[in-house]
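Subject: Structure handover

Hello,

My notes on it follow below.

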Amino acid sequence: MCTGGSLGTIASAGRAFSGSLTPGASNVSERREAFPMENITDADEADIDVSAPVVSRHSVTVTASADTVWRILTDINAWTAWLPEIPHAHVETPGPLASGSVFRWSAAGMEIESTIVQVRPQERLVWQGHGDGPDGVLGVHVWALTPVGDGVRVSTEESFAGPPVDANPAPFQEGLDTTLTTWLDRLKRTAEESTAS
């Protein structure tokens with residue numbers, strides 16, 4: 001799941017969902033629910049669900065080291081310091097982030113439980129999670145860092161699936177696009193300010 005300025009739109013769309021689906025739509029959601037993320041190894045490339053009804057991809061160049069960007073991005077307990085839309089974020093699994101680490105957070109009134117799927121330090125971070133429980137929004141989020149010039153190219157992509165998204169994808173698409181660009185802008189600003197100080 002994501003966060004940012006328009007998550008209110010995403011949360012409102014999810015809350016407006018009545019629970020009814022058009023014939024056959026439940027099969028799509030069940031397939032997406034089982035999107036295989038377990039058994040991913042470091043050699044594999046965990047990815048978003050490209051068949052999901054909502055997919056968003058964005059990137060930005062940050063004039064800071066990959067180490068700086070990675071430190072900010074993976075310090076989940078400190079997300080609230082630079083992402084004010086998140087009232088709380090907490091890693092529940094002890095130790096460094098690794099495949100299987102669980103974190104809980106909230107945004108725009110949605111309670112989100114996410115599980116880390118893949119960690120390649122300074123390169124790639126992937127998680128998946130549900131907003132408002134298993135019948136809510138299933139998000140798969142990928143972050144990739146690539147060195148460029150005197151900085152790093154930060155790319156992020158996310159897919160949304162689940163009954164609320166299947167029922168009304170348009171507000172989720174709009175909200176996710178705006179949210180990811182907001183998150184990238186904030187990450188860029190935070191990393192560059194940290195580098196300058």
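Let me start with a loop residue. D132 sits in the loop between β5 and β6 (137–148). Helices (H or I, at least four residues) and strands (E, at least two) are DSSP runs, numbered from the N terminus. The phi of D132 is near 65°, a positive value in a residue other than glycine. Most residues other than glycine have a negative phi. D132 is partly exposed, because its relative accessible area is 38%. The cut-offs: buried is under 20% relative accessible area, exposed is over 50%, and partly exposed is in between (1.4 Å probe, protein chains only).

Q122 is another residue to check. Its loop joins β4 and β5 (124–131). Q122 has a positive phi of about 65° although it is not a glycine. With a relative accessible area of 30%, Q122 is partly exposed.

Now G109. This residue is found in the loop between β3 (102–107) and β4 (110–120). G109 counts as exposed, because its relative accessibility is 55%. From C-alpha to C-alpha, G109 and D132 are 9.1 Å apart in space, and they are 23 residues apart in sequence.

**Provenance and confidence**

This is a predicted model: local features need pLDDT of at least 70, side-chain atom pairs count only at pLDDT 80 or more, and totals for chains, interfaces and linings use all residues. Residues are numbered from 1 along each chain as its sequence is written, and side-chain values use heavy atoms, with hydrogens and water left out.

pLDDT is the predictor's confidence in each residue, from 0 to 100. The protein averages 82, and 78% of the residues score at least 70. Confidence is highest in strand β1 (residues 54–62), at a mean of 98, and lowest in helix α2 (residues 25–33), at 37. Over residues 14–41 the pLDDT is below 50, and this stretch has 43 contacts in the model beyond near neighbours in sequence. Contact means heavy atoms within 4.5 Å. Residues 2–9 also stay under 50, with 32 contacts beyond four places in sequence. Where pLDDT is low, the predicted coordinates should not be read in detail.

**Overall layout**

The protein has 6 helices and 7 strands. From the N terminus on, the elements run α-α-β-α-α-β-β-β-β-β-β-α-α. Of the 197 residues, 48% are buried. Among contacts with a separation of 6 or more, 58% join residues 24 or more positions apart.

**Helix α3 against helix α6**

How do α3 and α6 pack? Helix α3 (residues 66–74) and helix α6 (residues 169–196) meet at an angle of about 125°, with their axes 10 Å apart. Axes are lines fitted to C-alpha atoms, for helices over the stretch in contact, and angles run from 0 to 180 degrees between N-to-C directions. That makes α3 oblique to α6. Angles under 35 degrees count as roughly parallel, over 145 as roughly antiparallel, 65 to 115 as roughly perpendicular and the rest as oblique.

On the α3 side, T68, V69, R71, I72 and L73 meet L187, T190, A191, S194 and T195 of α6.

α3 is mostly covered, with 7 of its 9 residues buried. They are A66, T68, V69, W70, I72, L73 and T74. T68 counts as buried because its relative accessibility is 12%. Leaving out residues up to four places away in sequence, T68 touches A191, S194 and T195.

Best regards
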